[in-house]
Amino acid sequence: MSRVGKAPIALPQGVTITVSADNVVTVKGPKGELQQAVDSDITIAQEDGQLLVQRPSDQKRHKALHGLYRALLNNMVVGVTEGYKIQQELVGVGYRATNTGNTLDLVLGYSHHYVFELPTEIKVTTTADKGKNPTIILESIDKQLIGQVAAKIRSLRTPEPYKGKGIKFVGEILRRKAGKSASKK
């Protein structure tokens, strides 16, 4: 059984948390500000540099919400202090990625380009070093948003299991399959 909800969230220096009357938590830090609506049954308490998430009973629903909101609030605290960074690489002959501002232009072996408009909360950079695969680097303070955008970009050309061509996360290990083999006579 997980006990994620019981763990306190350490608040680093420079992070302020406010909880409104309708249970909307606002986290402000050096990198920005995030908001999250919390279920009315869950209470948020702040004491001596820590944030505590508490549930009213041991109902299954309350237990699930307890761990969920603790994890979401922790992700918000980490986001406004350190931020999140996702790197993806394009594996395949002729695959390219370029960006102008928050517009990502992808060439993925189809007859057309994919022009992907990113949200303003995400900062994108692309690199194309000689001898290496093109890389897309996404940076944001919002873990949910950056993960959703990275998954959408990956879904444009998911890696295939035979040659490994497609968009994959840096460090991701793909399960490879053997191709056709010659018949034995």
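Guide: Domain bounds here come from an automatic or database domain assignment. On that basis the protein chain of this predicted model is divided into domain 1 (9-82) and domain 2 (84-169).

Visitor: What does the UniProt record list for this chain?

Guide: The unreviewed UniProt entry lists "domain: Large ribosomal subunit protein uL6 alpha-beta" for residues 12-83 and 91-168. In the model, residues 12-83 are 31% helix and 36% strand, with end C-alpha atoms 13 Å apart. Residues 91-168 are 17% helix and 37% strand, and the end C-alpha atoms of that span lie 8 Å apart.

Visitor: How far apart are the centres of domain 1 and domain 2, and which residues supply the area that domain 1 buries against domain 2?

Guide: Taken over C-alpha atoms, the two centres are separated by 31 Å. Eleven residues from domain 1 and five residues from domain 2 take part in the contact. Between them the domains bury about 570 Å², of which 59% is on carbon and sulfur atoms. On the domain 1 side, L34, N75 and G79 supply 58% of the area buried against domain 2, more than any other three residues.

Visitor: Why is the pair of Y110 and Y114 called edge-to-face?

Guide: The structure holds one aromatic pair. The ring centres of Y110 and Y114 are 5.7 Å apart and the planes stand at 80°. Rings pair if their centres lie within 6.5 Å, and planes over 60 degrees apart count as edge-to-face.

Visitor: What makes Y114 partly exposed?

Guide: Y114 has 25% relative accessibility. This value falls between 20% and 50%, so Y114 counts as partly exposed.

Visitor: How do you know that Q36 is buried, and where does Q36 lie?

Guide: Q36 lies in strand β4 (residues 32-37). Its relative accessible area is 19%. Buried means under 20%, so Q36 is buried.

Visitor: With which residues is Q36 in contact, leaving aside its neighbours within four places in sequence?

Guide: With those neighbours left aside, Q36 is in contact with N23, V24, V25, Y69, L72, M76 and Q144.

Methods: Residues numbered from 1 in each chain as written. Predicted model: local features only at pLDDT ≥ 70, side-chain atom pairs only at ≥ 80, totals over all residues. Heavy atoms only, no water. UniProt positions renumbered as here; feature names shortened; annotations may be inferred. Helix = DSSP H or I, 4+ residues; strand = E, 2+ residues; numbered from the N terminus. Phe/Tyr/Trp six-rings, centres within 6.5 Å; stacked < 30°, edge-to-face > 60°. Buried < 20%, exposed > 50% of the residue type's maximum accessible area, 1.4 Å probe, protein only. Contact = heavy atoms within 4.5 Å. Buried area = accessible area lost by both parts, 1.4 Å probe.
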